[in-house]
Each structure stands twice: as structure tokens, then as C-alpha cells.
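Subject: Structure handover

Hello,

Here is the structure we talked about. My notes follow below it.

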Amino acid sequence: MRGQGPMSEDPMSAAASGPDVTSELLVVENLTVTLPTTRGPVAVVKDVSFTVGRNETVGIVGESGSGKSMTSLAIMGLLPRGALTTGSVRLDGVELLGLGDREMRRIRGAQASMIFQDPLSSLNPYYTVGLQIEEMYRAHLGGSRKEARKVAVEALERVGIPEPERRTGHYPHQFSGGQRQRIMIAMALVCSPGLLIADEPTTALDVTVQAQILRLLADLQRQTRTGMVFITHDLAVISSIATRVLVMCRGEQVEYGTAEQVFSAPEHAYTRRLLESIPRITDDLSADEVVL
Amino acid sequence: MARYLAGRITGLVLILFLVCLFTYLIFFKLSPDPALMICGKTCTPERVTQIRTVLGIDKPFLTQFWDFLSGLFAGRDYGSGTNLVHCPAPCLGYSFQTNQSVWQMVLDRLPVTATLAIGAATLWLLAGITMGLLSAVKEGTWWDRSAMNLALGGASIPNYVLALALQYVLVVKLQILPFPSSVAFTDAPWLWFQSYLMPWIVLATGAACLYARLTRANVIDTLAENFFRTARSKGLAPVLTMRRHALRPALTPIVTIFGMDFAALLGGALITETVFGLNGIGKMAADSIAKNDQPVIMAVTLLAAFFVVVGNVVVDLVYTALDPRVRIR
Amino acid sequence: MTTAFTHDAQAGTSAGAPGASITPGRRILGALRHDRAALLSASFLALMVLMALCAPLISALTGQGPTQFDMAAIDVDAGGLPKGAFGGISAEHPFGVEPLNGRDILARIAYGARVSFLIAASATVLTTLLGVVLGMVAGFYGGWVDQVVSRVMDFLMAFPALIFMIAILSSLPTGNRSLLLVAVISLFGWPYLARVVRGQTLTLLNRDFVEAARASGASRRDLVFKEILPNLRSSLIVMTTLAVPGYIGTEAGLSFLGVGVSPPTPSWGQMIANSVTWYAVDPLYFAIPGLFLFLTVLSLTVLGDRVRAATDAGEAA
């Protein structure tokens, strides 16, 4: 684990600990998030550093409450009111921490977008999925309603929703769980952001649907050359999709390295326990399906 | 859709029928004989019998009830021969006290009650939702706490106490407002407005406070929704984020409650109208009860129930239009 | 595996619905103990109840009965207004006297509280009983029983209750008014509770622990008393505390309209109604019962609100 002083400005120090990544998209350094609670401020993310290259997937693994979701919200600037952030988050060389509301809004959705765990509650039940995709496109790239509608139809088609033309007029509850997550992905990618943060995107889905969504994410990432932060509590999922893995426990970064390193030679006792708790991924056929 | 509506209307008619039957039964069984009351002190048994025949209350209960129902839809005749009076549909009978057509009385009084209801509703929606929104946005602040405590207080004042207190302060002590009088808007618009102002405030206060608390709770819940987080992560303009992803979901359920409250108010604000001496449906109800004027009591009960059940159906229909998740089976 | 550090969800881990060690009643009391508004409301209500209980004692101390005329305290030349400033407040009459007949307002307030509280308490008990029993029966048995109960509830809720209460009370001039008031208030009050109880019973019946109890051959009585009723406790506490101020208000309103308890038995609503003709010249005659009524309803409302907040917080935890 690395423990340099706060606000380390040397980009190479982050890259040095990762695999051969030449072009850095996201650099997180010494990120610490403190939340106010009734018992005083509590640090929920402590001194976390990692790098995401273009067209790379970095997995963040940990149990619920390990601070992995808070890390992603800190990158997006979506932390709850009163949260304190220190360290550095750079996207395409631009420092995000301390950025004004207006500037941050321009980045959200356009350069970094996010998909969430529960697609049903993450989509607004009162509006058609078409409108929800269109409003995002128009917020960043402008254009008429007609153009936006065309883009929305294409976006739905790309994620494999049948009859996309007709389906843009439907509401979230009229889709299946897997389709809703596809819609979330279509929406997140509609402005072609450089970075996609997926926060437990498959946890709420059936096993077979999980596999489909993972395959879709991997395919899209390859086509669009999007950098991805994939957050999950499921090591089996991460092993199939991520090139680098960050393991978090109680807000701390306990392990960081290439997927190979972490899985074959875990340094930390916590990671070993996590690995042991997976029911034999290697010789279980059905698990193979999960892993793609 | 057609089948759903047919079902709802059947249910509606059934409930109204039961309300009629129940009310009629209670007054048929419990009330003192209206003929004796009309006849007055110098009364002969012949005169009583005559009055009973004219009123139609000498017949058995079911016949009377049937006459009442058929009168509603087809009109009915009172008396016979030269004394014959035809009451066209919808016939609610004639007041025992004034001999006026009850239907005409209702038509005369409804505008007052409607004015009262519309003014009060506008006031409480504006005040309640604004207060609730501000409190939700400033959750936990000094403003939020004081507004919500004020709302508890406002919801706890019985409206007649508020009415009398307002009248004492504004009319008697400060003399800002005149005593409410029933003037037409066309005759003296300013006096009309001043006369209605206090009743509006009295009716709106309690509801505004409830709506403020409701709005606040709904908005706070919506701001914690996952889809609101999604909206924020999309980088939409703040106005759009608030309007589509906070206000629309938070305020839609309030439509239901508002519809029901407004419908109930159309049935007459009995206490407020009585205290301020406004000649609306509510005062008509109070007066008719005090004088045991049975046809009028029947009419106001039926009218109030009508507004409530129709309001119920309208609200459900509006809600299906507003919330895409609700579909008519 | 190490236990997760739960700061993402500030509320902490959730306890299973059945078998929580602290009863909801005790948890709510614990939360209220640290709430200033709740404590203040509770103290005021305790004082009111004490006043109602000790009404004869208060009368004995001041030497003024609630129906006792005191012509010495009023000024016949001034049209029957109380002698002295502020509605005739004096050592003998701490809250002043009524115009015209000089009855002691303190005594009437104290005796009036008895009437109001007795009626509200009885109505609460009766509505709760009716609401729980009928709501549970409808939810538990379903089918035609549910249909009948639900239709009756629809009917009663569509009924213009206030008009009808007044009509029914005014056409029954004799008999025990208080009993009649309780009956009429409860008749129109229970559907609001029953609707909630019915819904919750239906939800509970589908929950795992009830199904497990069913599968293990629990009798109907056991299901109702051991599985369903205990889980309704929280919402019952909330619903009833929120309903009590409504009953106090309704009783006062009906008395204000002249169809409540009959004179000379004092009641707050009736006192307010009597003060209407005097409030311009003797505002305290109106203000004192008005204030008592307002503060009582407010205290009950605040208490109800805080109980609900405590219950919500408890359920979230």
C-alpha cells in the first residue's frame, strides 16, 4: 500500500503501481471522504489511490460498507451534503475535487457517467425511457427533440432492446430487469463519456441476465474505448472483466494490483478470505457461465 | 376502460342509494312529526292529517322512499286536484319551512360554497406547497423546524376558534376588515373580496399546514430516491432536475388528497359558513337541521355524498393519467 | 469474515421484524424522553387530566361550582358584563366569570375537561376496538367477509359525517348525550383505522414468519394473537395517538354547534359557542376556553407527530 503525503501531484506515482498503462484517463490519489454523523465525522474512504487507463476496466471489490460506493460518488461529486473530500481526482488531467457546481455538471454525463445497482428505482417511473435518454443527450450536446429521439432509438438498439422505435415511448416498469439495466447503460453511454462507473450493475439481476449484461458491458467498452470502474462485492464477476483490481475494507485500500496478481497471490489476509468465500469458481460449470 | 367506468359508476350509484336509504330511514324513524311542527300551536287533527297527505308522509316508508327516488329522476306531483304542484326532475321536494323548491335552494346556494371552496383551495395549495418545498430544500435548518412547528400549530386550531379570533382581531380591534356581508361580486368587488377573505383564510389554514407537512415529507423522500441520484449523475440543468425528477414524483400523490379534500368542501363548509353567516350549502345544512326541515337535510346529505363519491372516481381517473404505473384493469 | 463497518447506511443494520427485543412502546417512550416539545406537550396534558380529575376539588377550594350563579360578580347595569377588568378576574374567580349569570369559568373549564376527555377517550377505545377487529377480520378471512366490511367502510367514508352527526344528534333530544356522542364519533371513525389494519394484515399474512407459523400448524387464534397483532402494535400506537386530537376537536365542534352535551353540563365547545355574542365586549370569555381547546389539541397533535417520528425512526433502524 502506498502512503505518500496528501495531494501528491506526481501522476507517475499512480501509474507506477499499475500495469502497463500508457494513457491515463482517471487518476485518483489519496482520496479521503469524511461524512458527518451523529457521533461526529467518520472517514468512510481513507487514502485511496488508483488509476484507470482508457479502454481499461478497474474493479473495486469490497463488502457493503467498505466505502467502494462512496469512492464512486466522490468521483462524480454526488456525495451527500456535508461530506468532506481531500486528495485528488483527475479526469483527463482536470482536477475534479473542488470544481464548481456548473463545471461539475458539464462533466457528469458527458465525460463521466454512472449506472447503478437497482435499475428499476434508478429510472424515473413518471417518464418514458426515451425522454430520459433524450434529456441527457440534449443537456450536453443540445439538438432538437427529433434528433435526440433518433439518438435515443439508436442507443436502445445498440444495447439490444428489440423494437427500439416503439420502446422509446414505454415507461421503465414496462421492461424486464435486464432490459432496464440495458436502458441504464444506453443512457450512460449516449454522450460517449470517457469514463463509465458501474456500481454493482448486476447484483440485482438473475444469474443468466447478469452474464448477458456483463457481456454487453464488455462489448460496448471495446467498441467505444471507454474506461470503466466496475464496483462489486463479487470477486467472480470482477475476475472476468477487470484488468486491475482494488480491494477495499472498512474504507481502506487493502490491495491493489493487476487482476492476475490479486487473484493468484493475494497479499492481504482480507483478500484471501474474500477469495475463499467464493464457492470454487474454477471447477464449477455454472459459475463459468457467470464469469462469461 | 368502458368496463372499468361502468363498474365504478355502478358502485357510485350503489353508495349514493345507500346514503339516501340510510338518511331517509333515520329521519323517518327518529324525527318528530314535521306535520305537527308546520301546523304550529293552533292546530286541529284534521289539519295535521291534511298536511301529512300533502307532504306525502302518511304513506308507508317504502312508498315514501320510492316516491323520493322516482322524484329525483322523473319528477313528482304533490297534492291533488287544484292544489296539484308538479315538481320537475331532479325533484328534491319542497322545504317544510319556506315551501321553496329544494333543488332551487341548492342551485342558489352552490355558488357561495363553490366560491368559498375555490378560494380556500387556491390559498392552501399555494401556501402549503410553497412552505413544504422550502422546508424540504432547507431540511434540518432553523427555517424548516419553525415552519413545521408552525404547521402543527395551524393544524391544531379548531376552525371556529380561528374564525372568532380572526374576527375579533381584524374586525373588532384593528378594524382592517368589515363584518362579512353577502354581496355579489358584480355589485361591489372589493367588499366581496374583503367579505370572503376571512372565510378563505379560516378554511385554508388547517389544510395548508397539513399540505406543507405532506409536501415536505414527499419531497424529502423523492430527493433520497435512486432516480433522483441518477438525474444528478446525468448533469441536467438544476431546474430540469428539480421539476422532472423531484417535483413531479413528489407532488403527484398530493393530487389524490387534494381532490378528496376539495370534493368534501363542495359539500358545504358547515362551521365556517355558519360562523361567518355565508349563505352556502353548509349554512343551509345547519339551518335545516335546526328546523328539522327533512327534505333539505336529505338534499344536503345527498349532495355532500355525491361530491365525495364523484370526487373519488375523478381522482382515480386523474391519477391514472398522471402516474404511468397505474393502469386501469 | 469480518463484520462490515456500516457507515454507508447510517441507520445501521436492520433487526428482523419479529422478535425485536425492545417493545415498540418502550422504544417510543425512550425517544420521547429526549424531545422537549413532546415533554412539554405531555406535561400540559398531564396537567389537564389532573385538572379534570380534581374538578370537584378545585370547586371546593374556590367555593365556586360549575353551575352556580354569582350575581354579585356581574354588573347588571352594564348589560350583564362581568364586574372588573379582564372578564371579572379576581381572587374568587381566577379565570373570571360568564356574563349574565356569573358562573365561574375556572370551574366550568375543569368540569368541561372531564366531559371532553371522557368522550375522546371512550371514542378512542371504541374506534380502536372496532377498527382492529373489523380490519383484521376483513384482512384475515378475505372473500365475502372482506367484501362486506370493505363496502361498509366505503359507505361510511363517503358519508358526510359532520352533517349526519349533527342531524342524528339534533333529532334525538333525549337520552345520554355523552354516550350518543361517543357512538356517533366512533361509528364514523373506525373505517380509517380498519382500512390500515386490513392492509397490514394482508401484508403480514404473506410474510415468511407468518407462513412459517401457519405451516407449523399454529391455530388461527395463535396466528392472530401471537403473529399478527404484535406486529400491528407500532402502527396502532401511531394511528390512535394521531386520532385522539381529532376526537377532542369533533366533540368540541359538535358542542359548539349546539348538538353536544346539553347545558347546564359545561363543555369547552359549548362555552365558545356561548361567547360568540360577547366576544367584542368580553374577549376573555372567548379566549380562555378557546386557548384551552387549542393547547390541548396542539399538545395531542405534537405528541402524535413525535410518536410517529419515533416509530418511523425505529422501523428504519
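Domain bounds here come from an automatic or database domain assignment. On that basis chain B splits into domain 1 (32–91) and domain 2 (103–322). Their C-alpha centres are 39 Å apart.

Some ground rules. This is a predicted model, in which local features need pLDDT of at least 70, side-chain atom pairs count only at pLDDT 80 or more, and totals for chains, interfaces and linings use all residues. Residues are numbered from 1 along each chain as its sequence is written, while chains are lettered from A and ligands numbered from 1 in the order in which they are written.

**Chain C against chain B**

Contact means that the C-beta atoms of two residues, placed from the backbone, lie within 7 Å. Chain C puts 34 residues into this contact, and chain B puts in 34 residues. On the chain C side, the elements giving two or more residues are helix H6 (143–158), helix H7 (161–170), helix H10 (220–256) and helix H12 (283–316). Helices (H or I, at least four residues) and strands (E, at least two) are DSSP runs, numbered from the N terminus. H12(C) gives the largest share of that side, 10 residues. By class, the side has 26 nonpolar, 6 polar and 2 charged residues. Nonpolar covers Ala, Val, Leu, Ile, Met, Phe, Trp, Tyr, Cys and Pro; charged covers Asp, Glu, Lys and Arg; the others, Gly among them, are polar.

**Chain B against chain A**

Here 20 residues of chain B touch 25 residues of chain A. On the chain B side, helix H9 (226–233) and helix H10 (238–266) are the elements that give two or more residues. H9(B) supplies the largest share, 7 residues. The class count for this side is 7 nonpolar, 5 polar and 8 charged residues.

**Inside chain C**

C:Met153, C:Leu156 and C:Met157 of H6(C) meet C:Phe188, C:Pro191, C:Ala194 and C:Arg195 of H8(C). By class, that contact has 6 nonpolar, no polar and 1 charged residues.

**Record annotation**

An unreviewed UniProt entry lists "transmembrane region" for residues 37–61, 117–140, 152–172, 178–197, 236–261 and 284–303 of chain C. Positions are in the numbering used here, feature names are shortened, and annotations may be inferred rather than shown by experiment. In the model, residues 178–197 of chain C are 100% helix and 0% strand, with end C-alpha atoms 28 Å apart. Residues 284–303 of chain C are also 100% helix and 0% strand, and their end C-alpha atoms are 28 Å apart.

Best wishes
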